[in-house]
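Welcome, and please get your viewer ready.

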Amino acid sequence: MTDAPHAAHPDRRLLIIGPPGAGKGTQAARIAEALDLPAISTGDIFRANVGEGTELGRLAQSYMDKGEYVPDSVTNDMVAARLSEADAADGFLLDGYPRTLDQVAALDGMLTERGRELDAVILLDVDLEEVVARLVQRGAEQGRSDDTEETIRRRLDVYAEQTAPLVDVYSGRGLVRRVDGMASIDEVNAAILAALSR
Ligand code: ADP
């Protein structure tokens, strides 16, 4: 065996998936730090573009404010560009992507092109009513324009319709590590790291 730099954590290409408000962003940042991987959040990239007033930002905002998904073609191109950056060559943690079956196919294509595969999909399991409460609170604290109760309900419906089916796809590939997302941030973090090292 050669001395691989990340031998302790062989899982290098990871997804974190779960409904809005499950805590994906919080956990993604911590897991990425622990495993020395870039956390790539499509929601964060869209919000950065909104903040900078780019054309992509203006387009994305019109969907985000309604709780709808940005069109797949736009999102797929953006992720393909991001995964081509040097820091993602040796692994990444994708947060909030893929969210549709079309995005799953697009990501499969990006990985195949590079001769890579996904290693694991972290699924954050949460109680949906609790999630609405968390998001309403986040809207009040952070002023995120898509964290109003009406938009939150729409995002949960869109998740159930378009994203929940991805869990079956990835389960079929044996990739899903289900983690209880209702515990404290530290406990969830520890559970994810334990699930990844199994
Ligand atoms: P949450 O998981 O709480 O909904 P995100 O920051 O992940 O928050 O996403 C916010 C919004 O950004 C989504 O409601 C959607 O409009 C847009 N978005 C993020 N990721 C994607 C994606 N993969 N495909 C389409 N739209 C996306």
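Leaving aside neighbours within four places in sequence, which residues is R178 in contact with? Select R178 and you will find L123, D125 and V167, where contact means heavy atoms within 4.5 Å. Before going further, note that this is a predicted model, in which local features need pLDDT of at least 70, side-chain atom pairs count only at pLDDT 80 or more, and totals for chains, interfaces and linings use all residues. Residues are numbered from 1 along each chain as its sequence is written, and side-chain values use heavy atoms, with hydrogens and water left out.

**Stop 1: R178 and its strand**

R178 sits in strand β5; helices (H or I, at least four residues) and strands (E, at least two) are DSSP runs, numbered from the N terminus. Is R178 buried or exposed? R178 counts as exposed because its relative accessibility is 52%. The classes are buried under 20% relative accessible area, exposed over 50%, and partly exposed in between, using a 1.4 Å probe and protein chains only.

**Stop 2: strand β4 and its partners**

Now select residues 120-125, which form strand β4; five of its six residues are buried. Strands β4 and β5 (residues 176-180) run parallel and are joined by five bridges; two strands pair if DSSP finds at least two bridges between them. Look for L123 opposite R178 in β5. β4 also pairs with strand β1 (residues 13-17), again in the parallel sense, over four bridges. Here L15 stands opposite V121.

**Stop 3: the nonpolar cores**

Next, select L83, L94, L107 and Y170, the residues with the most contacts inside the largest nonpolar core, which has 24 residues. Such a core is a set of buried Ala, Val, Leu, Ile, Met, Phe, Trp, Tyr and Cys residues joined through side-chain atoms within 4.5 Å. Elements giving two or more residues to this core are β1, α4 (72-83), β3, α5, β4 and α7 (149-172). Centre on L107: not counting residues up to four places away in sequence, it touches L15, L83, L94, Y97, P98, L118 and Y170. A second, separate core of 23 residues includes I16, A28, I31 and I192.

**Stop 4: two backbone details**

Zoom to the peptide bond from Y97 to P98, which is cis, with omega near -5°. P98 belongs to the loop between β3 (92-95) and α5 (101-113). Then move to D36, in the loop between α1 (24-35) and β2 (39-41). The phi of D36 is near 55°, a positive value in a residue other than glycine. D36 counts as exposed because its relative accessibility is 57%.

**Stop 5: the ligand**

Finally, select the ligand and the 20 residues around it, of which K24, T42, R47, E68 and R99 come nearest; a residue is near if one of its heavy atoms lies within 4 Å. A ligand oxygen atom is 2.6 Å from a polar backbone atom of E68. A ligand nitrogen atom is 2.7 Å from an N or O atom in the side chain of T42.

How values were computed:
Polar contact = N/O pair within 3.5 Å; in protein donor to acceptor, adjacent residues only side chain to side chain.
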